[in-house]
Amino acid sequence: MLRAAVRISLASPRTGWLLTRMVAWKVTLALVKHALPLSTLVRLVDPGPRKRAIDAEECARVEWAVRRLGRVLAGGDCLERSLVGYRFLARAGASPVLWIGLDRDAVRTEGHAWVTVDDRPVAETAASLAPYVEVAAFTPSGRDGGTAHDPPGADAVAAGAATSDRSSRRSARSRSSLRARLRRAARPKEIRGALERLHERRYGVETSDYVYYEELGLPTQDRLWHIPSDWGGLRRALARLDPTGDDVFVDVGSGLGRAVVVAAQFPFRRVLGVELSQELNERARANVGRAQRTFRCRDVELIAADATEWSLPPDVTVVYFFSPFTEEVFDRVVANLLDSVDEHPRPLRLLYNLPVEHSRLLRTRRTRVIDVCPAKWPAAGDEGEVMVTYQLLPADGPTAEELASRFPSQVPEGSEAWLGEYEPGYLIYKPKRLGGIAVYRPRQDRADSPPAGGAQGAAP
Ligand SMILES: C[S@@+](CC[C@H](N)C(=O)[O-])C[C@H]1O[C@@H](n2cnc3c(N)ncnc32)[C@H](O)[C@@H]1O
């Protein structure tokens, strides 16, 4: 059967020429794929608007060649193979969709790419695709949307240019239908689960555990237990801070070190972690040791200390809290931060994930909200699951004014409630055997408006 197919291919000069060109593309893509982001690779193979009616014979030939391409530079080649298939099918007048998926259980490969035409997978079967959850899809520009689609929860980015009003309307329709399909195919929670396992493997770390203070023999008053930040949410939030080599980052309550590992991927001059539990800090050290081959920042330090007794070094410019403590403990740590900015006036930003004490922070009258973004990626869609960026200002008015002018507000539309005192509603709970509810904050829109009642569930 195989021999017969090869004979057919060699017997037809057209098929032979097609295969040669496809192999050339595949080899080129294999050489550049590690140096270029996916969106650039997709643009590179995009043949643009349809130039001819669909050529069914040519499409069949391309599909046949895609199957054979697996034998050229085989092994971990699904991306090149799919990009080539996508290009040549589109050139033959078809409307292929290039899909990127992640392994649901992260037990096999790190991800997979494939192509469908009219919902039919090319050179794949339903069984071979079953282990993957779709996270992105692309269609060629100028037809069927010409769009690079982010997974649900993130806004889609239009890549293709519409040629006329009518075609742009048609594009928008098919774009939104593809987006709807993607949304149906991929549930944010499932994607986050896949990404969680993937990142742990990629960095060689173990940071996923929930660890309760009762189990560590530590006092629980006004302190929250260990739960790690969401990898994708934190990476995106840090990118919005646009850190430079002048910035120094500290994760207050660094736990098993996940946020330190994420921050060290950015060009911070120094990255610090401060953690109350010795045991968690030891485990964080092991994690950082294993992940450091991936770090951009070479100066990473993990300190075992109680944040209430630890003085902020004067070069720190970005502080991260993933809801480590509340109430009195929170007040004491914030007072330390404000003392530091008084003694050493500088641009100091606080990125606060799950900002349970948002209103308490605003009541210091020494902070201004400069940004709000989702805490998770893909976003959870819960109003309280955000990261708010504050600027901490010195008490001295003119100095505060000058420092404030350096960070214009980038609070997105729809998040303005965070500019004032606001409780989106938090219910943070631990297992019943450990006491159940730890934080209960009913929803309240603004200090000046009546409470709306009710509470949303959210765990740190
Ligand atoms: C929700 S976890 C966040 C872990 C880590 N920052 C991350 O984002 O993956 C909160 C951490 O704060 C720590 N913590 C709580 N109170 C603290 C304190 N007073 N000083 C230092 N760390 C504290 C806890 O031990 C826990 O590891």
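Me: How many of the residues of strand β13 (residues 386-392) are buried?
Reply: Happy to start there, in what is a predicted model: local features need pLDDT of at least 70, side-chain atom pairs count only at pLDDT 80 or more, and totals for chains, interfaces and linings use all residues. Residues are numbered from 1 along each chain as its sequence is written. Buried means that 20 or more other C-beta atoms, placed from the backbone, lie within 10 Å of a residue's own, and strands are DSSP runs of E, at least two residues long, numbered from the N terminus. By that count β13 is mostly covered, and its buried residues number seven of seven.

Me: Which residues point the other way from V386, V388, Y390 and L392 in β13?
Reply: In a regular strand the side chains alternate between the two faces of the sheet. In β13, V386, V388, Y390 and L392 point one way, and facing the other way are M387, T389 and Q391.

Me: Which residue stands opposite T389 in β13?
Reply: Strands pair if DSSP finds at least two bridges between them. Strand β12 (residues 367-374) runs antiparallel to β13, joined by seven bridges. Opposite T389 stands D371.

Me: Which residue of β13 does Y352 stand opposite?
Reply: Another antiparallel partner of β13 is strand β11 (residues 348-353), with six bridges. Here Y352 stands opposite V388.

Me: At what angle do the axes of helix α2 (residues 13-32) and helix α5 (residues 78-91) cross?
Reply: Axes are lines fitted to C-alpha atoms over the stretch in contact, with angles from 0 to 180 degrees between N-to-C directions. Helices are DSSP runs of H or I, at least four residues long. These two axes come within 9 Å, and they cross at roughly 135°.

Technical notes. A residue is buried if 20 or more other C-beta atoms lie within 10 Å of its own, exposed if 12 or fewer, and partly exposed in between; C-beta atoms are placed from the backbone.
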